[in-house]
Amino acid sequence: MVIMTSPTTFLPVLERIAEEIEHTPGRGRPADYIPALAARDPRRFGMAVAELDGGVYGVGDWREPFSTQSVTKVFTLALDLAREGDELWEHVGREPSGNPFNSLVQLEYENGIPRNPFINAGALVVTDRLHTRTGDASGTLLEFLRAESGNPQMSYDEEVAASEAAHGDRNAALAHFMASYGNIDNPVPVLLEQYFRQCSLRASCADLARATAFLARHGVRADGTRLLSRSQAKQVNAVMLTCGTYDAAGDFAYRVGLPGKSGVGGGIIAVVPGRCTLCVWSPGLDERGNSVAGVAALDRFTTLTGLSVF
């Protein structure tokens, strides 16, 4: 059964989804390789929808801040793409990787050019290029997200950033390897500090649903100014659809049918172009690093509402 949708019917849909999720066994496991995330309760759940006019509502723990992790890669990509345009794509690809998000193997075959902006190597390149253009990639990101979400209190979690830095040898290896091919501009320690801070951002489902809405508005920010051209917004949404959920992007597109980006903190953002944006959070992950309850909830949302890009 498809429920006809209007702003007044999304909330009953969310409430129905939350009730179904509450009775679903098997929520996965939190990311135990980042000690600061390992203790999160996998049964926590929140979900929010943001309308294009900025209105937002949700269910469960939708106002609870969590560690956004790789979700922020979408915003860093958009901020850099707005500054340098197509030149970015000379340094990072747009293809699904088919390998784990922190794999070194592919980089050697492809001469230090990461497959896409959402695997760790690609995100490092994008952060590096944004840092070159702004002098403070993580500060630029935070300023943007505070403005788009309407939450001036949003901040980085220094404990999580320190935890990631202490266990960040694989990311350091990726950065040094790409630097050896001339695909990193800044000193690797500077880049890693920026990257780990970016990943440690704390935000709620409400914050992230609002902050993502510029992609549903085809590149237009909350204040009416344009960050991206319509073509660039399409590019970001397309890469989210094909690459946004690690090496499970095909399954996510099949089940959900929306551009999305997940993070190992348990968050997932999703875009219904021209209509709304969503964020769901539940810390229990599957073997590919995506929130078990989060994917299930987005699957139910598109099934119940009939909204997808297909």
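**Labels and their cut-offs**

Guide: V264 is buried, its relative accessible area being 6%. This is a predicted model, in which local features need pLDDT of at least 70, side-chain atom pairs count only at pLDDT 80 or more, and totals for chains, interfaces and linings use all residues. Residues are numbered from 1 along each chain as its sequence is written, and side-chain values use heavy atoms, with hydrogens and water left out.

Visitor: Why is V264 called buried?

Guide: Buried means under 20% relative accessible area, exposed over 50%, and partly exposed in between (1.4 Å probe, protein chains only). V264 has 6%, so V264 is buried.

Visitor: What does V264 touch?

Guide: Contact means heavy atoms within 4.5 Å. Not counting residues up to four places away in sequence, V264 touches A31, Y33, I34, L37, Q69, Y246, L285 and G289.

Visitor: Why does S70 count as buried?

Guide: S70 has 7% relative accessibility, and therefore counts as buried. Leaving aside neighbours within four places in sequence, S70 is in contact with Y246, K261, S262 and G263.

Visitor: What makes a polar contact with the side chain of S70?

Guide: The side chain of K73 does, at 2.9 Å. A polar contact is a pair of N or O atoms within 3.5 Å; within protein, one must be able to donate a hydrogen and the other to accept it, and residues adjacent in sequence count only if both atoms are side-chain atoms.

Visitor: What is the mean pLDDT of the protein chain?

Guide: pLDDT is the predictor's confidence in each residue, from 0 to 100. The chain's mean is 93, and 95% of its residues reach 70 or more.
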